[in-house]
Amino acid sequence: MGVVVSLDGVLLSGDKAQVSVFDRGFLYGDSVYEVLRTYQGVPFEEDRHLARLLASAERIGMNLPAPLRTLSEELWAAHRASGNAESYLRLVCTRGAGPIGLDPALAVDPLRLVIAQPVQPPPPSVYEDGASLALVSVRKNLKTAIDPRAKTGNYLNSVLAVAEAKKRGAFEAVLLDHQGTVTEGASSNVFAVLGGTILTPPVEVGILEGITRTVILELARRLNIRLVETPISAGVLLAAEEILISSSIREIVPIVKVDEVSIGTGRPGPVFHRLRAEFQRYVVDYTEANRRPG
Ligand code: PDD
């Protein structure tokens with residue numbers, strides 16, 4: 001098991017991988033990235049992650065440094081070289097290094113890298129007993145600032161939200177927008193169950209279109225659970241029968257507490273259990289259908 005980095009296609013051990021201090025990813029967060037994980041050695045929902053990476057790059061006017069096919073090969077190569085049973089894979093593309101200055105035209109040397117390290121999912125107790133959210137004071141940035149649909153390296157908004165949530169002992173932060181509408185977690189999407197219907201904020205509210213969120217939308221349809229994309233107030237969230245959050249590494253997590261408010265029965269609920277079981281089946285099918293020899 002180890003940490004391996006594919007840096008512009010060259011495989012290195014994690015401690016040997018270095019980038020320039022003039023890289024704009026480092027100086028300005030002028031980069032786009034994806035986080036995915038493997039199941040049975042297969043990067044989960046790779047095509048959707050690569051498509052989102054391309055869309056993020058287009059949103060900030062960045063040319064990706066390599067075709068998606070090459071980036072895909074590098075994801076697989078980094079995982080295989082790592083020797084990990086399963087990897088957390090972080091794919092980062094930056095506008096590159098160049099003379100210091102905000103003008104993106106100064107970038108001369110676009111850079112790509114993949115970090116493969118052992119995946120560390122949350123402990124089983126999180127799924128058995130549920131986790132907590134903090135409604136933090138940090139507000140989601142406006143989509144007319146940096147559109148949260150672009151997954152850029154500029155994550156200070158989420159970093160500050162996590163710091164606040166951690167201080168309050170919560171598992172994840174949930175951010176409201178400037179009008180008090182629920183947006184998303186610091187690095188997750190949010191779902192509330194009301195009257196058996198799943199509600200989740202629409203992408204137009206200003207959130208990342210999570211890949212796990214998209215899978216949940218599909219699984220809910222398959223399970224005949226009504227799911228509506230609609231803005232949610234903090235009050236509606238607190239009154240929910242169940243709350244779920246989703247992300248590539250944490251999958252689907254049941255939330256049983258928001259700040260000091262107990263949610264529903266205070267235990268993971270039936271919608272969570274049905275979705276999680278279906279998600280696990282989906283992962284098995286996906287993995288079997290997307291194996292690659294080598
Ligand atoms: N983050 N919203 C935000 C702001 C996120 O950063 C993430 C994921 C999600 C969930 O998206 P997905 O289902 O595609 O993982 C929602 C990753 C895991 C990260 O930055 O580590």
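How far does a polar side-chain atom of Lys-151 lie from an oxygen atom of the ligand? In this model, which is a predicted one, the distance is 3.0 Å.

Thr-212 is another: a polar atom of the Thr-212 side chain sits 2.6 Å from a ligand oxygen. With Ile-211, the backbone takes part, as one of its polar atoms is 2.8 Å from an oxygen atom of the ligand. As for cover, the ligand on its own has 480 Å² of accessible area, and the protein covers 94% of that.

Now the shell as a group. There are 18 residues around the ligand, and those that come nearest are Tyr-33, Tyr-155, Glu-184, Thr-212 and Ser-248. By type, the shell has nine polar residues, six nonpolar ones and three charged ones.

Where in the chain do these residues come from? Four elements each supply at least two of the shell residues: strand 3, residues 31-39; helix 2, residues 46-59; helix 6, residues 211-222; and strand 13, residues 242-247.

Next, the domains. The assignment for the protein chain gives domain 1, which runs over 4-118, and domain 2, which runs over 124-284. Each of the two gives at least three residues to the shell around the ligand.

The C-alpha centres of the two domains are 26 Å apart. Their contact involves 19 residues of domain 1 and 21 residues of domain 2.

On to the area. The size of an interface is often given as the accessible area lost when the parts come together. Here, about 1700 Å² is buried between domain 1 and domain 2, with 59% of that coming from carbon and sulfur atoms. Which residues of domain 1 lose the most area to domain 2? They are Tyr-33, Arg-48 and Arg-52, and together they make up 35% of what the domain 1 side buries.

Terms used. Residues are numbered from 1 along each chain as its sequence is written. This is a predicted model: local features need pLDDT of at least 70, side-chain atom pairs count only at pLDDT 80 or more; totals for chains, interfaces and linings use all residues. Side-chain values use heavy atoms; hydrogens and water are left out. A residue is near a molecule or strand if one of its heavy atoms lies within 4 Å of it. A polar contact is a pair of N or O atoms within 3.5 Å; within protein, one must be able to donate a hydrogen and the other to accept it, and residues adjacent in sequence count only if both atoms are side-chain atoms. Accessible areas come from the Shrake-Rupley method with a 1.4 Å probe; for residues, only the protein chains shown count as cover. Ala, Val, Leu, Ile, Met, Phe, Trp, Tyr, Cys and Pro count as nonpolar, Asp, Glu, Lys and Arg as charged, and the others, Gly among them, as polar. Domain bounds come from an automatic or database domain assignment. Contact means heavy atoms within 4.5 Å. Buried area is the accessible area (1.4 Å probe) that two parts lose on being put together, summed over both.
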